Structures are given as C-alpha cells and as structure tokens.
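Dear colleague,

I am passing on the structure we spoke about, together with some notes on what turned up in it. Please read the notes with the structure open beside you.

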Amino acid sequence: MRILHILDHGLPLQSGYTFRTRAILTAQMRRGHDVAAVTGTRHGVAPAAEEQVDGIRFYRTDPVAPAPAPIGEWREIAAFARRIATVIDDFRPDVLHAHSPVLDALAALRAIRRRPLPLVYEIRAFWEDAAVGNGTGSEGSWRYRLTRMLETWAVRRADAVAVICDGLRSDLIARGIAADKLLVSPNGVDMTLFGDPLPPDAALASELGVAGAETIGFIGSFYDYEGLDTLIAAMPALVAARPGIRLILVGGGPMEAALRAQAAASPAADAIRFVGRVPHAQVERYYSLIDVLVYPRKAMRLTDLVTPLKPLEAMAQRRLVAASNVGGHRELIRDGDTGTLFAADDPSALAAAVAALFADRGGWDARRARGRAFVESERDWASNVARYDPVYQKITQIGARKAPWSRSPSTSA
C-alpha cells in the first residue's frame, strides 16, 4: 500500500514529534508499504523540495510570510493544501495519513476535494491544549474555542481517527464521535534503534562531575508543562536526604533561561548539571549515567489527556522512572511495579518519592526488568504499527470516493 503522511515538521529536525514519525514510517516500510511524507510550512526552509532523510522520502512546503492570527493560519493551510495536491499527483498514494496539529488535517481535507482519497487523521495532542501547556494560549479564549471547534469538524470529516492514548479517545467520544471510528495508536519505542542500553559512560560521568554519585535526570524539551521548576525546587530536600545526589538536565526549550536562573539561586545549585541539547545519537550515553529519570509534569488538561514518549524510552533503557501522578503518566506507569508516581506540583512529594527509591535499592533490578518487558511486549513499534493496517484496508475498500487513476508508481517514486 502507498501511504502519504502529512506532517507539521519532520526529520532532520529533532523532537518527540519527529521521532514518533520516524518510528511509524520506518516500521511501515519494513512491513512492505511504500511510504512518503510531506511537511508543512512550519518545518521551515529546506535544502530541496524533495529529499531523503534516514531512508524516508520527504516532500517540503515553502514557508509563508507571517501574518496575525487567524489570517496566518489560513495562509498556511492554503499553501500546504496546494503542496499536498501536487504531491498526491506525483506519489499517487492509496491513503493519506495526516498528523496533528489540526492545520494538517484541514490542509489534507482541502487537498482531496478534487482528488478523492481516504484520510486518517492522527491526533497526538489537541492543539488548543498544547498552546495552553506551552504558554502561548489560554483555556477558554476565542482562539482556544475556535481551535477546538475546528478539531471536532476535522475529526467528523476524516474517514478514521487515530489517537495516542485513551485520554484523547474518551474526550472525542464525549464530543459525540463514534467509538468505532477511533483507533488508539499508543506511543512506542523503535527497539531496533533504542533497545540496547549502553554500559555507564565513565568518561562522560567524569566530564559532568557525577562519577560515583547517585543521579537523577530529565532528558527532553524544557516546556513549562513538564514541571522542571518543581524538580529543581525539590533538590534542596533531596540533597538533604541524599547528600551525594546529582541532577542532570539534558535538552532545551522555552523555559531553559528561567530554569537555569532558578537553579543558580537554589541552595542545591552545586548539585544541578545543565547539559544543553545533544544529538539524538548521543542520548543513550546520558541515559547510561542516570539512575532515575524524573518526569514531574504539571497537572493540567494537556498532561491528563496525553501520554509522553520519554518514560517509554527510559524503561527501554532499563532506567528507573519516577513521574507525577497525572493521567498521561498513569496510562504508562504502574505505581510500585514499573515505576513510581508522586503528587503533581509538589516538590516535597517528589523529593520524598525519589529519596525513598534510593533508600531501597533491593528491588531495582526487578523493576527495571518489568519496565523493559512492558515496552517490549506492548510498546515496540515493530508490532504497534500493525494497528494501522486494518484501518487502511477498511477505508480504502469502502472506496466510493476513490480517484479513478491507476496507482502505479510515478517516475519519481
């Protein structure tokens, strides 16, 4: 089957979004599908209109001139729809698979008005809630309400809808979307890329000044909703309980400057290490040094509805996981079994939970094994990606609105 994925952005940019995309597309190609992707205007300037990255064919869309909302967004949709239409003519897909945000679904729906094709719309987070979590929007604003309305409109018009977790599925059902239209395609890990933990990197430990220390850490993007301010606020209590403990923060993002300032002013400043962003190929070196990965997401609608990717990566790396007790984490972590949950937005609860883990190392190996087994059995993309195939088959066979062309490969395929 020929599948065209419609994306906000893609490789070589690095984000949780692009890593999930790479895992899906790579796994589908291993299953024998012919796969390509087209990225939207927000990907930015690309070196070519069509390029191969990590063996994946990407078509690019030129950026558009910025304009105030909602004019800017409508311009983006129009430009992206035109590009999708030309790519459809070139690639000749059997099915379109658009990934959130909703702008991508709206562009896809516009593109197939004259090129009837079945459309899967995959939601990784509701765009309006992501804006609130990123600090660029407010719940209940006109923009929030408009985005929510457009999301529901797009979901009703797609042939099938995939979501990454039960929280998003339940929300759509509450909006009146039929349950049999919805597929849960959970976050996963490509175990062929991320499945063999490295031994502790002694040279890196020495470079960071954590050799022989008890270590906790976070690897990811520094958004406000991740709650890293709570983690830094917990450090004085943690150091008091475990004097040798060190915090390693790998990544960057909008909150980085504020977090660095908070850390510098902390009584535990000497125990906190900021590494900055690192190439994805180097991430496993940092996992090798961290005893407990901590995910202190704040309690809000976004974190209750959406499951993150990073705790799965940590479990695949046989690392211990401690996370705030929000809905997205509860879908991934069994408290006391595959990880530890603590009250959200509470530095003292975080410190107590993490200190208790270090005070009782007896069950660490068994817990690491259970976390790894969970990822291998339930969250490996090699098996997860098979969930899409029956949906593709169903919506292509319904077929009343299929284009009459032959789907033979084009000359550039």
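His97 counts as buried because its relative accessibility is 0%, where buried means under 20% relative accessible area, exposed means over 50%, and partly exposed lies in between, with a 1.4 Å probe and protein chains only. This residue is found in strand β5 (residues 95–99); helices (H or I, at least four residues) and strands (E, at least two) are DSSP runs, numbered from the N terminus. Not counting residues up to four places away in sequence, His97 touches Ile3, Leu4, His5, Ile6, Val120, Glu122, Tyr388 and Tyr392, a contact being a case of heavy atoms within 4.5 Å.

Please keep in mind that this is a predicted model, in which local features need pLDDT of at least 70 and side-chain atom pairs count only at pLDDT 80 or more, whereas totals for chains, interfaces and linings use all residues. Residues are numbered from 1 along each chain as its sequence is written, and side-chain values use heavy atoms, with hydrogens and water left out.

Once its neighbours within four places in sequence are left aside, Arg175 is in contact with Phe126, Glu128, Arg148, Glu151, Thr152, Arg156 and Arg301.

Helix α3 (residues 102–111) has 9 of its 10 residues buried, so it is largely enclosed by the rest of the structure.

The search of the whole structure finds 2 cavities of 30 Å³ or more. On a 1 Å grid over the protein atoms alone, a cavity is a set of points where a 1.4 Å probe fits but cannot get out, a pocket is an open set with protein on both sides within 12 Å along at least five of seven lines, and lining residues have an atom within 4 Å of a point. Grid points are joined across faces, edges and corners, and a volume is the space filled by probe spheres set on the points.

The largest cavity holds about 140 Å³ of space, and of the 13 residues that line it, Pro70, Glu73, Trp127, Leu146 and Leu150 are the closest to its centre. Two or more lining residues of the largest cavity come from each of α2 (71–91), α3 and α5 (142–157), with the largest share, 4 residues, from α5. By class, this lining divides into 10 nonpolar, 1 polar and 2 charged residues, where Ala, Val, Leu, Ile, Met, Phe, Trp, Tyr, Cys and Pro count as nonpolar, Asp, Glu, Lys and Arg as charged, and the others, Gly among them, as polar. For the second largest cavity the space is about 70 Å³, α2 gives the most to the lining, with 3 residues, and the lining residues divide into 3 nonpolar, 2 polar and 4 charged.

The second largest pocket contains about 330 Å³ of space and is lined by 20 residues, of which Phe19, Arg22, Leu193, Phe194 and His280 lie nearest its centre. Its lining has 11 nonpolar, 3 polar and 6 charged residues, and α1 provides the largest share, 4 residues.

Turning to the strands, 6 of them form an open sheet in the order β11-β10-β9-β12-β13-β14, with parallel pairing; two strands pair if DSSP finds at least two bridges between them. The edge strands, each pairing on one side only, are β11 (272–276) and β14 (340–342). Within this sheet, 8 bridges join β9 (residues 214–221) to β10 (residues 245–252), and Phe218 stands opposite Leu249 in β10.

Elsewhere, β4 (residues 56–59) pairs in the parallel sense with β2 (residues 34–39) over 3 bridges, while 4 bridges join it to β3 (residues 50–53), which runs antiparallel to it. Arg57 in β4 is the bridge partner of Ala36 and also stands opposite Gln52. From β4, Ile56 and Phe58 point one way and Arg57 and Tyr59 the other way, and all are buried.

With best wishes
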